[in-house]
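Subject: Structure handover

Hello,

Here is the structure you asked to look through. Please open it beside this email and follow along.

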Amino acid sequence: DKDEKEKYVWQTSWGLSTRVIGAIVMIHGDDKGLVLPPMIAPVQIVVVTIFFKSDKERVIQKAKEVVKELKAKKYTVELDDREEYTPGWKFNEWEMRGIPLRIEIGPNDVKADQVVFVRRDTNEKSIVKTKDLGKEAENILEDIQDSLFRKAKENLNHAVLEVHNFDDFNNAIKSKKIVKALFCG
């Protein structure tokens, strides 16, 4: 130190490592791929277009309006208007990437002034009027965040087992539980 004496350092570390990333994948992932909580997802919302040649321009224009509105609300949004892939292929790709909310826009949606929301955590679909887009996106992303947190907390609580003797300790380890036990030498 300044007085040339050795002293203990008091510090915190907020660095993320690959272990944290691995834990997120293990806790929230499913058979379809990643499931990312909205607060840490690099892309929170993806807008996927569904169109035929005759209505391509209208659908893409509507999708760009949706993206612009959501970006104005400070969400990270991607527009997937690629023509070389089918909608199903695009849906699968974004599911594997773990994007929390997918918004589908097709010609019928443009006519009805609506979009289709698909949650990544539950795969539930809901139809949302365009005028309610920002508020509904906010509500759903908050609900996804809360739902993933609650599920992870329940899984952790279920995995921890308190034991009071060595036989129970061994049985808990064999059952692949996290063991909570007193230790004195």
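Below is what was found in it, starting with the inside.

This is a predicted model: local features need pLDDT of at least 70, side-chain atom pairs count only at pLDDT 80 or more, and totals for chains, interfaces and linings use all residues. Residues are numbered from 1 along each chain as its sequence is written, and side-chain values use heavy atoms, leaving out hydrogens and water.

**The cores**

A nonpolar core is a set of buried Ala, Val, Leu, Ile, Met, Phe, Trp, Tyr and Cys residues joined through side-chain atoms within 4.5 Å. Buried means under 20% relative accessible area, exposed means over 50%, and partly exposed is in between (1.4 Å probe, protein chains only). The largest such core has 25 residues. Ile 45, Leu 70, Ile 103, Ile 105 and Phe 117 have the most contacts inside it. Strand 1 (45-49), helix 2, strand 3 (101-105), strand 4 and helix 5 (133-159) each give two or more residues to this core. Helices (H or I, at least four residues) and strands (E, at least two) are DSSP runs, numbered from the N terminus. Another core lies apart from the largest one and has 6 residues, including Phe 91 and Trp 94.

Now look at Phe 117. Leaving aside neighbours within four places in sequence, Phe 117 is in contact (heavy atoms within 4.5 Å) with residues including Leu 101, Ile 103, Val 128 and Ile 140.

**A buried threonine**

Thr 130 sits in the loop between strand 5 and helix 5. Is Thr 130 buried or exposed? Thr 130 counts as buried, because its relative accessibility is 11%. Its side chain reaches the backbone nitrogen of Gln 114 at 3.4 Å. Beyond four places in sequence, Thr 130 also touches Lys 62, Glu 69 and Asp 113, among others.

**Positive phi**

Most residues other than glycine have a negative phi. Which way does Lys 74 go? Its phi is positive, near 75°. Lys 74 lies in the loop between helix 2 (56-72) and strand 2 (77-80). It is exposed, with a relative accessible area of 72%. Asn 123 has a positive phi too, of about 60°. This residue is in the loop between strand 4 (114-119) and strand 5 (125-129). Asn 123 is partly exposed, at 30% relative accessible area. Lys 176 follows helix 6, and its phi is positive, near 60°.

**The start of helix 6**

Asn 165 caps the N-terminal end of helix 6 (residues 166-174). A side-chain oxygen of Asn 165 lies 3.2 Å from the backbone nitrogen of Asp 167.

Best wishes

Methods
A polar contact is a pair of N or O atoms within 3.5 Å; within protein, one must be able to donate a hydrogen and the other to accept it, and residues adjacent in sequence count only if both atoms are side-chain atoms.
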